[in-house]
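User: I'd like to learn how to read a structure like this one. Could you walk me through it, a feature at a time?

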Amino acid sequence: MSQLVTENRLASPDDFYEALIDTHRDLSAEQSAMVNAKLVLLLANHIGDMDVLKDAMRIARQGV
Amino acid sequence: MLSAYSYPKFPYVQSEEQRTGTVKRHPVVVVGAGPVGMTAALDLARKGVPVVVLDEDDTVSIGSRAVCYAKRALEVWDRLGTARRMIDKGVVWKVGKVFHGDSQVYQFDLLPEPDHKIPAFINLQQYYLEEYLIDDARKTGLVDIRWKSRVLSVKQQDGSVLVQVETPDGVYALEADWVIACDGAKSSIRKMLGLDFVGEVFQDRFLIADVVMKADFPAERWFWFDPPFHRKQSTLLHMQADNVWRIDFQLGWNVDPEEEKKPEKVIPRLKAMLGEDTEFELEWVSVYTFQCRRLENFRAGRILFAGDSAHQVSPFGARGANSGVPDADNLVWKLKLVMDGLAPDSLLDTYSDERVAAAKENLLNSTRSTDFITPKSEMSRTFRDAVLSLAAEHPFARSLVNSGRLSTPTTYVDSRLNTPDEDAFAGRMVPGAPATDAPVETADHGAGWLMDTLGNGFVALYYAGSEPVPAEVADAMAGLEKGKVPFTWHVVTDRRRDAGANALVDVNGRFAERYDAKPGTVYLVRPDQHVAARWRAFDASKLNAALNRAIGL
């Protein structure tokens with residue numbers, strides 16, 4: 001069983017963050033929500049491990 | 001008042017050329033007596049060049065302004081002999097803490113390794129810093145600072161610049177071979193030349209307050225996102241000299257800056273943060289907006305732009321003065337070689353190339369920090385808040401938290417002054433990198449630092465380790481020392497007992513470690529302490545070629 005990695009794995013976190021924000025540039029709130037939903041689905045499929053995904057979903061819900 | 005700085009008032013003196021109505025020619029005129037202008041003037045004077053500095057005011061910076069001075073700027077000032085006073089007066093720090101709400105989410109250490117002469121950062125009110133630079137520049141006897149002198153126009157002529165200056169006695173003209181424009185973000189010289197200064201304006205305002213108080217916060221940079229005392233905005237706290245604390249409050253865009261500066265608005269904000277019972281006094285308050293923009297080229301003929309006149313960044317990351325001082329550091333040795341006829345005029349184009357590259361790096365970092373602190377859209381804010389809420393528990397999110405990526409020096413990776421590596425090396429000392437420090441001992445001065453032996457002219461370092469120095473190395477180096485381009489060399493050795501007069505003893509192996517040096521390794525270091533070239537084995541013709549390349553020949 002794989003574990004969700006929460007240590008940093010990004011070579012350049014600032015590059016990633018900038019690209020993420022740029023992905024949403026000039027979109028309405030509704031469009032942005034759609035982009036995020038598609039992003040989650042794409043990444044979930046890439047990860048492909050139900051235990052890892054469940055762990056991530058649990059953490060994401062915390063404190064919201 | 002617990003403390004009060006008394007601002008010096010420098011006397012206006014009418015210049016002889018204005019009094020006699022003669023137009024005099026000067027080698028260099030610096031416009032602006034701020035940190036960058038005074039660094040350039042002091043560096044020129046240390047190289048024997050007389051300088052006229054024109055400044056429209058007659059005192060130092062009002063308020064603490066830049067506050068944070070980074071290692072590299074301090075190393076430049078140390079080369080010029082002024083850093084000791086700054087470090088002694090300033091507050092030395094290297095730890096930053098980031099809070100979200102009332103809990104700490106992240107902490108960083110800006111200089112985690114030992115054995116450096118100069119600290120990661122100091123905090124010091126800009127007025128002290130300017131006072132020390134002005135004081136040291138005057139002591140050289142070569143810097144003629146003319147207060148209450150406003151530049152009205154500049155005109156590039158064949159081989160010089162004609163400058164019209166307005167003083168309390170009227171208008172006079174002077175000629176300069178070279179003008180260094182350090183006249184700030186609102187540079188009037190830039191406007192006179194009609195140069196574009198484009199970039200991004202951020203829709204946010206910050207209140208800055210210098211507060212005098214006895215407080216027991218540590219000497220650390222503390223940054224809050226959404227603190228309980230200032231909801232939905234951010235706050236930054238820095239300790240300065242004389243019990244003065246610098247506090248920055250984010251205000252948002254839709255506020256009236258004049259209203260926000262009033263004590264009746266500022267004091268309740270401070271009380272909410274510091275507690276009702278903390279006694280404090282307000283020394284200085286200002287409201288600022290910020291922009292990220294730069295000139296396309298820092299050179300316009302015989303006029304060279306340095307500091308905020310050339311590039312303006314947001315304050316997060318302390319990249320303003322800390323990138324302006326390296327501008328001066330980069331420019332002055334090149335200008336001196338060109339003035340002496342030892343390097344081609346095109347060497348000055350590399351000033352712009354190298355410092356534009358640095359400005360791009362600073363603008364990128366400062367823009368990213370600003371986007372995190374001041375999100376431009378709802379979605380950007382949501383991501384920012386998600387990062388913060390994950391950061392306390394999940395390490396990956398901490399590396400995304402951006403409260404300012406603090407100033408680090410630029411490596412001129414693409415500079416044409418570098419000689420590309422032919423040999424394999426590990427570590428950070430690539431051609432173009434700022435040299436890093438190491439403890440060394442010398443026969444003359446005992447325990448000291450590598451950085452004290454670098455700079456001003458070119459320096460070659462021959463690492464002998466525990467082996468002797470071949471005669472051909474010493475002969476070739478001695479030959480270069482006789483050349484017109486300022487050049488010295490040092491042997492770096494492990495053998496304290498038979499170390500020669502120019503030897504640096506690598507007392508604890510830090511040099512070998514940080515420079516990945518093995519017996520026979522040679523480094524060539526520029527007058528601004530950046531690496532120009534390196535090899536695994538000494539070759540006199542390669543060293544000579546690298547030296548020529550580094551001066552643009």
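Analyst: Helices (H or I, at least four residues) and strands (E, at least two) are DSSP runs, numbered from the N terminus. This is a predicted model: local features need pLDDT of at least 70, side-chain atom pairs count only at pLDDT 80 or more, and totals for chains, interfaces and linings use all residues. Residues are numbered from 1 along each chain as its sequence is written, while chains are lettered from A and ligands numbered from 1 in the order in which they are written.

User: Which residue is the bridge partner of V179(B) in β20(B)?

Analyst: I303(B) is that partner. Three bridges join β11(B) to β20(B) (residues 303–305), and the two run parallel. β11(B) (residues 170–181) is also joined by six bridges to β1(B) (residues 25–31), again running parallel.

User: What is the order of the strands in the open sheet of seven?

Analyst: The order is β6-β5-β14-β15-β16-β13-β17 in chain B, with mixed pairing. β6(B) (103–109) and β17(B) (280–288) are at the edges with a single partner strand each, so one side of each has no neighbour in the sheet. For angles, axes are lines fitted to C-alpha atoms, for helices over the stretch in contact, and angles run from 0 to 180 degrees between N-to-C directions. Neighbouring strands here are turned by 15 degrees against each other on average, direction ignored. Inside the sheet, seven bridges join β13(B) (residues 206–213) to β16(B) (residues 244–250), running antiparallel, and I208(B) stands opposite D248(B).

User: Which helix packs on that sheet?

Analyst: First, what a contact is: two residues are in contact if their C-beta atoms, placed from the backbone, lie within 7 Å. Helix α8(B) (residues 263–274) packs on the sheet and touches β13, β15 (234–239), β16 and β17 of chain B. The direction of α8(B) makes about 115 degrees with that of β17(B).

User: And how do I read a nonpolar core?

Analyst: In soluble globular proteins, nonpolar side chains tend to be buried together. A nonpolar core is a set of buried Ala, Val, Leu, Ile, Met, Phe, Trp, Tyr and Cys residues joined through C-beta atoms within 7 Å. Buried means 20 or more other C-beta atoms within 10 Å of a residue's own, exposed means 12 or fewer, and partly exposed is in between, with C-beta atoms placed from the backbone. The largest core has 139 residues, and A40(B), A41(B), V179(B), I180(B) and L304(B) have the most contacts inside it. Helix α9(B) (residues 321–339) gives the largest share of this core, nine residues.

User: What about chain A: how many helices and strands does it have?

Analyst: Chain A has three helices and zero strands. Its radius of gyration is 14 Å, well over the 11 Å from the globule rule for 64 residues, so chain A is more spread out than a compact globule. That radius is taken over C-alpha atoms, and the rule is 2.2 Å times the number of residues to the power 0.38. Buried residues make up 5% of chain A.

User: How many residues of chain A are in contact with chain B?

Analyst: 15 residues of chain A contact 14 of chain B. α1(A) gives the most to that side of chain A, with six residues.

Key. Two strands pair if DSSP finds at least two bridges between them.
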